Amino acid sequence: MKFVDEYRSGEAATAYAEALHDISTSDWTIMEVCGGQTHAIVRFGIDRLLPGCITLVHGPGCPVCVTPVSLIDKAIEIAASPGAVLCSFGDMLRVPGSSRDLFSARAEGGDVRTVYSPMDALDIARQEPESRVVFFAVGFETTAPVTAAAVLTARREKLLNFSLLVAHVRVPPAMEAVLSSPDNRVQGFLAAGHVCTVMGYGEYGPIASRFGVPIVVTGFEPLDILQGIHMCVLQLEKGVAGVENQYGRAVRPEGNPAARALMDRAFVTVDRAWRGLGGIPRSGLGLRPELSGFDAEEHFGKARAELDDVTAGSCLSGLVLRGAIQPADCPSFGRACTPEHPLGAPMVSSEGACAAYYRYGRNREEEHD
Amino acid sequence: MCLGVPGQIIEIEEPQDGLGGDLLDRRGRVSFAGVVREVCLAGVPDAKKGDWVIVHAGFALNTLDEEEAAEVFEYLGQISRIAREDSLSRDGPAEP
Ligand code: SF4
């Protein structure tokens, strides 16, 4: 497939790995903040190609994993409300709320439907005018433009039975939160390519200089990730900390102004709680006041305010999401916690770091080779 | 979650006049290696039939720049050349 297969060449990957061995002289810890990249790194064994001195840690790059329990509980409550149809991306269904998940809400008779796009939820609202259709809007800046397009279309068509439960999050404030944490060990970042496709990379310059970390905007295919790591390590070895773009075929410096304009018409920046990380100022998107008629929290009641939403119990997802430990270092990994019986969200979503490690057999022993 | 899939636009439906003058109605059909889906093109007002776009959740995030597409190989060629020049005793990896 064009724009995919050529970026999976084993020969070029080996050449990249050799080049990385040539330039790496010190220990470096690099974080990616994109669940798609986490998945690709483990699936294609990119971590195993790298010199031993380079450690990849996996950040809060999976929006499903960081959606706060309070919003999942709210979605479950909406699903159980008479006449409501709760539409969600499939990954959200098995993410545990405080006592159950959307999947069990559906088993108990709640009308929960999985959709591929918020536009599908809009179609349901058109076809079933008697239903109150709620789209559970989870995602980074990658997903926010299509959610914006959906709600702006609903306003224009006066589809008053459509609303959004908004859980959108923004990546740069989460990177700052990771870097500000006292146990931080991240020295360089691969910035999430598709977020930057929309947003560009203007926000990263101040982060790179304030924290002295190189940031490389990186794509999703194995060769993209290897090149991103090479560019990042070159900067680390030279002792510089700038912003570079590996993913030029999709990312322009200013991002996509048309998509950003859609987002700006629908959303404003708000504080948001991240599961496992707690409250992060200005890290979320909420509906603009003039769209409050399309806010599910206006129709079904506000979600619990929970600005310190750190996963309790034996789940160490907070440490995993900050890159302080690797998934296999969690004592529950693969024992009490598996994709069939997840204790925390990173084990639920296919893009969560714990699930990726489990699926591709990264166990504890290997980690300590 | 943020999975974006490259596809080629095979048909565009331009927005009709008089609908608020915005692009929300710009839609098109995009082929993903032969599988065709309806995609919202509101975010790529300048994209034309035949252009490649990166699509996420039924929405085209941006057009793909075909000239930039080979960068990952050009970069590899460059760093391999530098490595060869640096260490003449050792064969660098073959150029792509
Ligand atoms: S392995 Fe399970 S319990 Fe441990 S951090 Fe990951 S999700 Fe939480």
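A residue is near a molecule if one of its heavy atoms lies within 4 Å of it. Around the ligand there are 13 such residues, and A:Cys315, A:Leu316, A:Cys330, A:Cys337 and A:Cys354 come nearest. This shell comprises 10 nonpolar, three polar and no charged residues (Ala, Val, Leu, Ile, Met, Phe, Trp, Tyr, Cys and Pro count as nonpolar, Asp, Glu, Lys and Arg as charged, and the others, Gly among them, as polar).

The model is predicted: local features need pLDDT of at least 70 and side-chain atom pairs count only at pLDDT 80 or more, while totals for chains, interfaces and linings use all residues. Residues are numbered from 1 along each chain as its sequence is written, chains are lettered from A and ligands numbered from 1 in the order in which they are written, and side-chain values use heavy atoms, with hydrogens and water left out.

Two cavities of 30 Å³ or more are present. A cavity is a set of points, on a 1 Å grid over the protein atoms alone, where a 1.4 Å probe fits but cannot get out; lining residues have an atom within 4 Å of a point. Points are joined across faces, edges and corners, and a volume is the space filled by probe spheres set on them.

| Cavity | Volume | Lining by class |
|---|---|---|
| Largest | about 100 Å³ | 10 nonpolar, three polar, no charged |

The lining of the second largest cavity includes A:Gly35, A:Thr38, A:Cys62, A:Leu321 and A:Glu351.

Terms used. On a 1 Å grid over the protein atoms alone, a cavity is a set of points where a 1.4 Å probe fits but cannot get out, and a pocket is an open set with protein on both sides within 12 Å along at least five of seven lines; lining residues have an atom within 4 Å of a point.
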